[in-house]
Amino acid sequence: TVITIAPTTSSVCLNTVPRPVSWSTVKTGPETRISRFATSVKNSLQSVSSLTRLQSRRVQSAEARDALEVVSRRIDTIAALNSELYRIGIDRKVGLKTFLGSVVDLIRASGPETVHVSLDMDDVNISASHAGSLAIVVNEFATNSFKHAFPDGQTGRVDIVGRQERPGHFRLICRDDGAGLTRKEPGVGLGMAIIESAADSVGGDITWRTAPPGYALEIDFGI
């Protein structure tokens, strides 16, 4: 039904005009509802991300702008996971190489042009929840590298490597060739806290180490 509003001199008149329905285009059932829900979530996340980026262009403070860009990248990561989950269907297994490839593409698009981000990942299927946690690790590591390892437009690279060391065991390595750190532990900033929380959610053992000339983290976990 289409509602048309016809203004008059003293009131508003509502007229209803029937619209023919093509039943061949009407779908029902749980699969369709899931599809509509997934699309709605994706569109909502994209809208929030776009608004966040728009706001980041308007703020004057460089610190605030960087924070908003980080938030936007985190939202994009969630949106990528949502799309991948719907694509794979009900089994809730994610192709890690493909999924992290999408995440790395987002990081490249929003990161500085002076820093190259590479991905070298063994093609394994893991649980969706673990894939989401690893995406957060990759995103946060790259974000921290952009900010601290390559200040003032310094050139460099961030490498994301994943290896199935043996059946049922996987190792994620994130490293950069930037300024590095003079201490063994990376500190207690928000990004590092998020990384450690994500590593804990996959039951992984996390190791921070210097990797001259830069810095690296390794997460070992079961799949």
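Trainee: In this model, which residue of β9 is the bridge partner of L172?
Mentor: The model is a predicted one. Strand β7 covers residues 169-176 and β9 covers residues 214-222, and these two strands run antiparallel. In β9, L172 has as its bridge partner I219.

Trainee: How many bridges join β7 to β9?
Mentor: Strands of a sheet pair through backbone hydrogen bonds, either parallel or antiparallel. For β7 and β9 the sense is antiparallel, and the number of bridges joining them is 8.

Trainee: Which residue of β9 does I206 stand opposite?
Mentor: Strand β8, residues 205-211, pairs with β9 in the antiparallel sense over 7 bridges. As for I206, the residue opposite in β9 is I219.

Trainee: How many residues lie between β8 and β9 in their hairpin?
Mentor: β8 and β9 pair in the antiparallel sense. They form a hairpin, and the number of residues between them is 2.

Trainee: Which strands are at the edges of the sheet?
Mentor: The sheet is open and has 5 strands with mixed pairing, in the order β4-β6-β7-β9-β8. Neighbouring strands in it are turned by 15° against each other on average, with direction ignored. An edge strand pairs on one side only, and that applies to β4 and β8.

Trainee: Is β9 mostly covered or mostly open, and how many of its residues are buried?
Mentor: A residue is buried if its relative accessible area is under 20%. F221, at 2%, therefore counts as buried. For β9 as a whole the answer is mostly covered, with a buried count of 8 of its 9 residues.

Trainee: What kind of aromatic pair do F170 and F221 form?
Mentor: There are 2 aromatic pairs by the rule used here. For F170 and F221, the rings are 5.7 Å apart centre to centre, with 50° between the planes. Planes under 30 degrees apart would be stacked and those over 60 edge-to-face, so this pair falls in the remaining class, tilted.

Trainee: How many residues apart are F170 and F221 in the chain?
Mentor: F170 has a relative accessible area of 0%, so it is buried. F170 belongs to β7 and F221 to β9, so the pair links distant parts of the chain. Their separation in residues is 51.

Trainee: Which strand does α4 run at about 15° to?
Mentor: Helix α4 lies across several strands, among them β4, β6 and β9. Another helix, α5 (residues 190-201), packs on the sheet too, touching β8 and β9, and its direction makes about 135° with that of β8. For α4, the strand at about 15° is β7.

Trainee: Is N144 buried or exposed?
Mentor: N144 sits in helix α4, residues 128-149. Beyond four places in sequence, N144 touches A149, G191 and M192. Its relative accessibility is 16%, under the 20% cut-off, so N144 is buried.

Trainee: And T155: buried or exposed?
Mentor: T155 lies in the loop between α4 and β6. Leaving aside neighbours within four places in sequence, T155 is in contact with T114 and F150. Its relative accessibility is 56%, over the 50% cut-off, so T155 is exposed.

Trainee: How far apart in space are T155 and D177, C-alpha to C-alpha?
Mentor: In sequence, T155 and D177 are 22 residues apart. In space, their C-alpha to C-alpha distance is 9.3 Å.

Trainee: What span should helix α3 have, at 1.5 Å a residue?
Mentor: Helix α3 has 15 residues, 96-110, and its buried residues include F99, V103 and I107. The expected span is 1.5 Å times one less than the number of residues.

Trainee: Which strand has the lowest confidence?
Mentor: The protein has a mean pLDDT of 76, and 71% of its residues reach 70 or more. Over residues 1-27, pLDDT stays under 50. Where pLDDT is low, the predicted coordinates should not be read in detail. Strand β4 has the highest mean, 97, while the lowest mean, 41, belongs to strand β2.

How values were computed:
Residues are numbered from 1 along each chain as its sequence is written. This is a predicted model: local features need pLDDT of at least 70, side-chain atom pairs count only at pLDDT 80 or more; totals for chains, interfaces and linings use all residues. Side-chain values use heavy atoms; hydrogens and water are left out. Rings of Phe, Tyr and Trp (its six-membered ring) pair if their centres lie within 6.5 Å; planes under 30 degrees apart count as stacked, over 60 as edge-to-face and the rest as tilted. Helices (H or I, at least four residues) and strands (E, at least two) are DSSP runs, numbered from the N terminus. Buried means under 20% relative accessible area, exposed over 50%, partly exposed in between (1.4 Å probe, protein chains only). pLDDT is the predictor's confidence in each residue, from 0 to 100. Contact means heavy atoms within 4.5 Å. Two strands pair if DSSP finds at least two bridges between them. Axes are lines fitted to C-alpha atoms, for helices over the stretch in contact, and angles run from 0 to 180 degrees between N-to-C directions.
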